[in-house]
Amino acid sequence: FPEIEKSLRVLSSIHTDIPYYKDDYETARATSNPELLYEYNAKDALATYIVWRKLHESKEFPHFEYTYRELTMSNLPAVQAMQQAPFRVDHHEWARLRTHAEAEIAPIQAQLNTVTTPWREEQRVHFTKELDAAKTVLASEDSRLQRLRDAQPTGQKNAFRTSPERKVAAKLVNRLKGEAEWYSGDFNVSSNPMIRAYFEGAHGTKGGRSKQSGEATSFNEKALQELARETTLRAALPEAKLVLAIREQRKQLEGFLGARLDDTGRYRFSINIRGTKYGRFSSSEFMWRYGGNVMNLPRSFRRVFIADPPDAERIPFFVNLDQSRAEYVHVAYLAQEPAMLKALEANLDVHAWTAKLITNVPMVVIAEEAKALGESTSQQEISAWRLGSPTWQSMPEILRKSAERFSPDASLRAFGKKRNH
């Protein structure tokens, strides 16, 4: 059953008679209950052993064994070493960054409120009018019900207390009251409905869409970063930059700067082996909710961590290593794939090169379209540009036909990225 998740959570439910226990870990952490954690770990060890024996009977066992020994257990010594070396913290810098983040939010929020006030006031007035109309309907229905009650004989005055029409009107009044109050306060950067309503209503800008369902998705960080950039197709939207700035400060306050340090004042973390879909490490809070993720720290936060003092045997220091296009490089050389090797050794744009191999459109033409689009990756903007731009109509026919066939909502260069083809 390839569609079934192969996690221990699922496999232990199939192959053991241990009652479901996987939620006990979060309960143990939330309540700081060591006994529950010990019991959870014991069940985990037992379930793992039983599942392992069941998998041993499967014809797929060699694959499972390779994954376990080569991709999991071989990494264990390194992971244990990392987890046993929590980061030393500069507490003065920690406090300074927290004070700075708290002070930054208020003026940015005030600026965002000022920029969005005309639109929010327009919405507030609209919903207030709708609310007044709904209140009139509700009052009219209340009057009708009162007349019906007054006409009832003594002892039956409790009849006609409500009606389907009154329930609908009351529900509408409560909803519209909430809408009117919603637009009266601060612009809520945590509310995706408000952000969507603003950018779609005030600027006609759409968020991203799911490739599977085609439905609109949230204005996430990537979508807002795109709106904050100027492109050849439109001006930058400063409101998006303000939303991102407030979110970043709150993220630091609630996430990184809000993390609990351990009893020695250090920042701890857990390394999750094969914690991502494709087998890379991920990181998260240490047990008892100490520390947090160390793999996506803001640059401004990294200065909080300081190396341990040197001693006679070592001089500790931090180093940041990151290989560009790591997966592409590894696949190219491990597989000795000629087209990929050519792209790397000739220092080609690998996305444009991949698109060229799929569509047969020359790379120079793909680059010309990418240059015309600038930084834009918006499906809405690209579609509109291709419909009405003389620049697009003047481009080679092979590009226009290939775009229509392979990538109607994105540039051909974007189509060359592995997630898009």
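A salt bridge is counted where a side-chain nitrogen of Lys or Arg lies within 4 Å of a carboxyl oxygen of Asp or Glu. The model discussed here is predicted, and a search of the whole structure finds 21 salt bridges.

**Salt bridges**
- Glutamate 39 pairs with lysine 43 in a salt bridge whose closest N and O atoms are 3.2 Å apart; both residues lie in helix α3, four residues apart, about one turn of the helix.
- Glutamate 39 counts as partly exposed at 41% relative accessibility, and lysine 43 counts as partly exposed at 23%.
- Between aspartate 349 and arginine 413 the closest N and O atoms of the salt bridge are 2.7 Å apart, and this pair links distant parts of the chain, with aspartate 349 in the loop between α13 and α14 and arginine 413 in helix α19, 64 residues apart.
- Aspartate 308 and arginine 314 meet through their side chains at 4.0 Å, N to O, and both belong to a network of salt bridges that also links Arg266 and Asp311.

**Helix packing**
- The axes of helices α3 (residues 34-56) and α4 (residues 61-72) come within 9 Å and cross at roughly 140°, and the two helices are therefore oblique to each other.
- In this contact, Trp52, Leu55 and His56 of α3 meet Phe61, Phe64, Glu65, Tyr68 and Arg69 of α4, a set that divides into five nonpolar, one polar and two charged residues.

**Nonpolar cores**
- The largest nonpolar core has 47 residues, and those touching the most other members include Trp94, Phe187 and Tyr267.
- Helix α6 gives this core its largest share, 11 residues.

Note on methods:
Residues numbered from 1 in each chain as written. Predicted model: local features only at pLDDT ≥ 70, side-chain atom pairs only at ≥ 80, totals over all residues. Heavy atoms only, no water. Axes fitted to C-alpha atoms, helices over the stretch in contact; angles between N-to-C directions. Parallel < 35°, antiparallel > 145°, perpendicular 65-115°, else oblique. Contact = heavy atoms within 4.5 Å. Nonpolar A, V, L, I, M, F, W, Y, C, P; charged D, E, K, R; others polar. Core = buried A, V, L, I, M, F, W, Y, C linked by side-chain atoms within 4.5 Å. Buried < 20%, exposed > 50% of the residue type's maximum accessible area, 1.4 Å probe, protein only.
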